[in-house]
Amino acid sequence: MSGPVLVVDDDVDIGLLLRDRLQAMGHEVRGAADGEAALASIRNDLPSLVFLDIEMPKLNGLEVLRLIRKDWPELPVIVMTAYGTIARAVEAMKEGASDFITKPFDMEQLKSAIAKALERKALSGEVVTLLGDISHDIKNLLSPVVCGAELLETEIDELVERLPEMEALKAAASHKLCNEVIAMLRDTASRVQDRTKEIADYMKGVSSAPRFGPCRVAEVVDSVFKTLHLVADEKGIRLSHDGLDSLPMIQADERRLYSAFYNLVNNALAEVPRKGSINVRGKNDPGSRQVCLWVSDTGRGIPPEVRETLFTAHTISHKAEGTGLGTKIVKDVIEAHGGQISVESQEGAGTTFLIRLPYQPPGGARVSS
């Protein structure tokens, strides 16, 4: 174990008892008497493991757990509970606790809970690394498939054009079949690339810290539109933005912000019918030192059962090929900037995402104008 164990309990006697037992097992131990002190301790020196009491003053254990999961998603948390509050412990497990133990503590129970929590943490890190490597390799392996399909299509078209008229007529059926196969290869490869990019973006989001710098939202949205305009043009969908050029420069991770807007616009393209539109509108709010952004589409809207799961750990997609990762990426990006995101949607009347981004994220350096 590379870091200390943090014991969070407002009962001094229980806290000391647990510290003594953990130290006897060879662990370095820190203590905190309430939820606020626990969060301050974690920010100051990240522990390897947290033992967290459910019933505490100021912030209760569930509130502390939610904040830990938001800022330190990989940090193992073992919930401590009395027999009368086991239902709360089950609730904590649903919120992302690694395990729970009941008071009074048994030495073997402690050892088992610690071993399981640290094993899960190690496995989680290995899975992130593995998925990141797999995504990278698949993306690289698919590149020659996509390029090869395009070259093959061009070569076959030129070959058929050079055939004598009679031979060309005989080859027409074969040419049609070849084009159908090429279209299938290109479409399938494109879908795999899109899915792989979703996974890769998510892995980057959970495995690296944001890199903030001066950023103009208008330039990020323009870049997204340039990437997606061919898809939009093919479907007859109009991409537009209003009010972005007048927004102030903000402090942001431009790569992640691009990923957020890309996911929102790309998701909308799948839902908006031909001749529909997608618009990104911006407005400065100097009073709250935020920029407000609305991403609106004229699509079919989001069903209530899907809308309720957006931005949660249980997010689902209502697209046949969707993973639901896209909206999870968007939420993580906005929250990493200290912002908020909400959605309004009505079936048959389109969808609007409202994003609020501060001029600078919490703890970020000021932007020079």
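This report describes strands, salt bridges, a nonpolar core and aromatic contacts in a predicted model.

The model is predicted, with local features needing pLDDT of at least 70 and side-chain atom pairs counting only at pLDDT 80 or more, while totals for chains, interfaces and linings use all residues. Residues are numbered from 1 along each chain as its sequence is written, and side-chain values use heavy atoms, with hydrogens and water left out.

**The parallel sheet**

Helices (H or I, at least four residues) and strands (E, at least two) are DSSP runs, numbered from the N terminus. Two strands pair if DSSP finds at least two bridges between them. An open sheet of 5 strands is built with parallel pairing in the order 2-1-3-4-5. Its edges are strand 2 (29-32) and strand 5 (99-102), each of which pairs on one side only. From one strand to the next the twist averages 20°; axes are lines fitted to C-alpha atoms, for helices over the stretch in contact, and angles run from 0 to 180 degrees between N-to-C directions. Strand 4 (residues 77-81) runs parallel to strand 5 and is joined to strand 5 by 4 bridges. Met-80 has Ile-101 in strand 5 as its bridge partner.

**Antiparallel pairs**

Strand 12 takes part in antiparallel pairing with strand 10, over 8 bridges. Here Val-291 stands opposite Leu-357 of strand 12.

**Salt bridges**

Side chains of opposite charge can pair when their charged atoms come close. A salt bridge is counted when a side-chain nitrogen of Lys or Arg lies within 4 Å of a carboxyl oxygen of Asp or Glu. The structure holds 5 salt bridges, and the table gives some of them.

| Pair | Closest N to O distance |
|---|---|
| Asp-45 and Arg-30 | 3.2 Å |
| Glu-335 and Lys-331 | 3.2 Å |

The Asp-45 and Arg-30 salt bridge has a separation of 3.2 Å between the closest N and O atoms. Asp-45 lies in the loop between helix 2 (35-44) and strand 3 (49-53) and Arg-30 in strand 2, so the pair ties together parts that are 15 residues apart in sequence. Asp-45 is partly exposed, with a relative accessible area of 37%, whereas Arg-30 is buried at 17%.

Arg-356 is partly exposed at 28% relative accessibility, and Asp-285 is partly exposed at 25%.

Glu-335 and Lys-331 are 4 residues apart in helix 10 (residues 325-336), which means that about one helical turn separates them. Glu-335 counts as partly exposed at 31% relative accessibility, while Lys-331 counts as buried at 17%.

**The largest nonpolar core**

In soluble globular proteins, nonpolar side chains tend to be buried together. A nonpolar core is a set of buried Ala, Val, Leu, Ile, Met, Phe, Trp, Tyr and Cys residues joined through side-chain atoms within 4.5 Å. The largest such core has 42 residues, of which Ile-250, Leu-257, Phe-261 and Leu-293 touch the most other members. Elements giving two or more residues to this core include helix 7 (217-235), strand 8 (250-252), strand 9, strand 10 (290-297), helix 10 and strand 12. Helix 8 provides the largest share of the core, with 9 residues.

Ile-250 is found in strand 8 and is buried, with a relative accessible area of 0%. Ile-250 and Arg-216 are 34 residues apart in sequence, and their C-alpha atoms are 6.5 Å apart in space.

**A charge over a ring**

A charge sits over a ring if NZ of Lys or CZ of Arg is within 6 Å of the ring centre and within 35 degrees of the ring normal. The charged end of Arg-281 sits over the ring of Trp-294, at 4.0 Å from the ring centre.

Key. Buried means under 20% relative accessible area, exposed over 50%, partly exposed in between (1.4 Å probe, protein chains only).
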